[in-house]
Amino acid sequence: MTSYEIDSAIGQSIIATKTEGPKIDPKVIMDFKRQQLRKTDLLTYTDVSEVSFDDLGGADNFKSWVEKNKACWSTEGKKFGLKPPKGILLVGVWGCGKSLGAKALANAWQLPVVSLEMGKLRSSGVGETEANVYRAMSIIESVAPCVVWVDEAEKSLAGSHSSSHSDAGTTSRVLGIFSTWLQETEAPICLVMTANSLRTLPVEFVNRMTERFFFDLPSTDERVTILKIHLRKQGQDVNATDAKGEPRYQLAELAEAAKNMVGREIQQAVEAAMVESFNQKLPFLSHQVLLKELTSKPRIYKTMVDELK
C-alpha cells in the first residue's frame, strides 16, 4: 500500500470503530485492501460471504479436509508451526460443485478470494505480459492472507507445450514465473484450481498441489441433499406434508429419478419445475411436475459419454 492508502485505511478504521472507541481494526484494513483490489484490471475480487458448505451437496472428504486445515490459518496453529496449504486441485465432472467448493472453502477459512484469469495478464507488447504477471503476484501478496482461485485451469494454464511455436515462448515463461513464485513465496496464500480435465494442465502445477480432490457424479444420498438445497433455495418447504399427512416431496423417489444427473442439472430441473408449477397455477412446486422434469431432462452423462469416461 502507498502512504496515501495507509492514511485512508487508518482513517476508515477510526471512523468505523468510533462508537466503541476509535481504534485501528485489522478487519477494516483488510476490507480496504479488498476495495483497492477491485480497482486493478489484472485481478478480480470475488465475494463469497453468501456461500457456504450448506450450499454444496456431497464432497464429504473435501469438506472434512477443509475443516481440519482451518487451524493452519489461526494464531494458535501458526504458533504450533502449522503452515497453510500451498494449493488445492478440484477436478472432476462438469456441474458437480467444484467452483462452489472453492468459494465455500474460502468462506470456511474466512479469507478473501482473488480470481486470477491468465487472459487478463496477456498483452501484445514485448515483455508486457511478463510484467503483468509480476505485478499481479505483488498485488496478491499485498492482499494475503487470501485464496487465489483459478477457474477452468485446464484452459487458463494450457499452451506451454506449443508456446515456442505460437507466441515466442511467452506462455511458457509466464507459467514458469508463476509456478516458481507459488513454490517460493512466503506470503500466506493458497492456490485453488478447478478443472474438468488434467490432460492440458502443466505437470509442475499438479505436482505442487498440497491436496487433490475428485468431484464425481453424486450418489443417491448426495442427490437427496442436493434436492433439499435447491428446493429450499426456491422457497419450498421440504418437510411439508399433504392433506393425508404424507410428505409433499418423496425425496427418495426424486433422487432415483435424478440418477446420473450432476448437481447443476438437478438445479435446472428444480427451476424448470418451478416455472411449470406456476404456469399450472399451483400453490407450490408440485412433486409430480418435478418428478417429470428430473426424468425427462437430458443428462451430460449420456450426451458427453466419451469425455465423461
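Helices (H or I, at least four residues) and strands (E, at least two) are DSSP runs, numbered from the N terminus. A pocket is an open set of points on a 1 Å grid over the protein atoms alone, where a 1.4 Å probe fits, with protein on both sides within 12 Å along at least five of seven lines; lining residues have an atom within 4 Å of a point.

This is a predicted model, in which local features need pLDDT of at least 70, side-chain atom pairs count only at pLDDT 80 or more, and totals for chains, interfaces and linings use all residues. Residues are numbered from 1 along each chain as its sequence is written, and side-chain values use heavy atoms, without hydrogens or water.

The largest pocket has 34 lining residues. Leu 56, Gly 95, Cys 96, Gly 97 and Lys 98 are the closest to its centre. Helix 12 (220-233) is one of the elements that give two or more residues to this lining. Helix 12 makes the largest share, with five residues.

The second largest pocket is lined by 16 residues. Nearest its centre lie Met 30, Arg 34, Gln 110, Leu 111 and Pro 112. Helix 2 (26-38), strand 1 (43-46) and helix 5 each supply at least two lining residues. Helix 2 gives the largest share, four residues.

Volumes follow; each is the space filled by probe spheres set on the grid points, which are joined across faces, edges and corners.

| Pocket | Volume |
|---|---|
| Largest pocket | about 660 Å³ |
| Second largest pocket | about 410 Å³ |

**Salt bridges**

The structure holds four salt bridges (a side-chain nitrogen of Lys or Arg within 4 Å of a carboxyl oxygen of Asp or Glu). One of them joins Glu 130 and Arg 173, at 2.9 Å from N to O. Glu 130 sits in helix 7 (residues 128-143) and Arg 173 in helix 10 (residues 170-184), so the pair ties together parts 43 residues apart in sequence. Buried means under 20% relative accessible area, exposed over 50%, partly exposed in between (1.4 Å probe, protein chains only). Glu 130 is buried at 13%, and Arg 173 is partly exposed at 41%.

Lys 155 pairs with Glu 152 at 2.9 Å, N to O. Lys 155 also meets Glu 154 at 2.9 Å, N to O. Shared partners join Glu 152, Glu 154 and Lys 155 into one network. Lys 155 is exposed at 54%, Glu 152 is partly exposed at 32%, and Glu 154 is buried at 8%.

**Cysteines**

There are zero disulfides (pairs of cysteine sulfur atoms within 2.5 Å). For Cys 72, the nearest cysteine sulfur, that of Cys 190, is 9.5 Å away. Cys 72 is buried at 6% relative accessible area.
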